[in-house]
Amino acid sequence: MRCRTCGAPAAINMRQHKLSLCAEHFQPWIIKQTARVIRKYRMFTREQRILVAVSGGKDSLALWDVLLKLGYRADGLYIDLGIGSMETAATPAPYSLRSREKAETFAKAHSGTVLHVVDVAATYGESVAEISHRKRRTDSPCSICGLIKRHEMNRVALEEDYDVLATGHNLDDEAAVLFGNVLHWQVGYLRRQGPVLVADGEGLARKVKPFCRFYERETAAYTLIAGIDYIYEECPFATGATSLAHKETLLKMEHETPGTKLHFYVNFLRAKEEGLITTNLDIPPELHQCPKCRQPTMSDAHCRFCRLWE
Ligand code: SF4
Ligand SMILES: [Zn+2]
Ligand SMILES: [Zn+2]
C-alpha cells in the first residue's frame, strides 16, 4: 500500500474511504476532517470556549490535541472515578490513577491549557468502585459511572462558563450505541443520538462529538503518530459490557463489507434529518431544578445523581 499523496509506504489504509496515507500525510488529514465535521454540524466557533472531557484514553487526548492544533480555546476536564481502587494485585496501580497521570502529562506539555480535575471520592465521599459495590444488587458500575460523569461534566461546563462540552466518542462507539438503540427500538435515545446534543433546557450544557466519523483505529493511529501517551488498557468494568458485544458484531460486518459502520451511522443521521423520527417525543420533557444540586431533572424531588449518595 502506498500513500495517495506522496507515494511513500502507507501507515494506514482506510478501506471505507479507499484511501491509504503515510504518517506524514495522515495527521493533517485527521485535523482537516475534524475541522470539516465541526463546520458541517455547526459544533462551535473560534470565539467559543470548549471543555474537552478527557479520560486519559486515546480518543479524548487525540481530540484535545487536534482542537489545540486547529487553534481552538480548549481546556480539559478529567473526572477521577476511583476505578481500580478495589482491584487486586492483578492491576499494579489503580486504573483511574494511571489514566489521570496521562491526562495531567498531556496538559503539562501544552502550556496555556487548563485541566480541571474532579476527584469523585474526595468530593462526594465514595468512588465509583465503592458505590458499585454498595449498589451491586440494583445498578451496574457503568450505569452509576455514566450518571456521575454526565452530572459532573454538565456541572463543570456551566460553573466554569464553557460554551460547549466536547467528548471523544468515535464512530465505533456511536455505531455500537446506534445498533443497541435500533435493536431495542429505543425511540427516545434515537431521537437524541447525533454529533450535537443541543442544550434543550436551562442548566444543560451543549455537547458535541467532533470525532464521531473516525474509526477507532484511526484515532489510535493518530495518537501514535502524534506521540501522545495514553492509557492502553480498558477500564476493568468494561468487560462484558453490551456495547462491547455490539462492537464485535459490527467489526465482523465491517470486515466483510468495509464502510458498514460509517454508512450505518451517517445514513441514520441523514434519515433523521429527512424526518425518520418525528413523534410526540419531540416535545422536550418537563424539567425541574433539583433542590440540592440545582441541575435539571425530570424528577419532582432530588435528581438521580443526588439520590445516589442518600
Ligand atoms: S467501562 Fe463503565 S465503569 Fe468503566 S469508565 Fe466506562 S462507563 Fe465507567
Ligand atoms: Zn504521504
Ligand atoms: Zn441533584
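The expected span of a helix is taken as 1.5 Å times one less than its number of residues, helices (H or I, at least four residues) and strands (E, at least two) being DSSP runs numbered from the N terminus. In this predicted model, local features require pLDDT of at least 70 and side-chain atom pairs count only at pLDDT 80 or more, whereas totals for chains, interfaces and linings use all residues. Residues are numbered from 1 along each chain as its sequence is written, and chains are lettered from A and ligands numbered from 1 in the order in which they are written.

Y95, S96, S99, R100, K102, A103, F106 and A107 of α3 are buried (20 or more other C-beta atoms within 10 Å of a residue's own; exposed, 12 or fewer; partly exposed in between; C-beta atoms placed from the backbone). These residues cover an arc of only 155° around the axis and therefore lie on the same side of α3, the arc being that of the directions from the helix axis to the C-beta atoms. K108 and A109, on the other side of α3, are exposed.

Strand β3 (residues 49-53) is largely enclosed by the rest of the structure, because four of its five residues are buried. Strands are paired if DSSP finds at least two bridges between them. β3 pairs in the parallel sense with strand β6 (residues 164-166) over three bridges, I50 having V164 of β6 as its bridge partner. Five bridges join β3 in the parallel sense to strand β4 (residues 73-80), where G76 is the bridge partner of V52.
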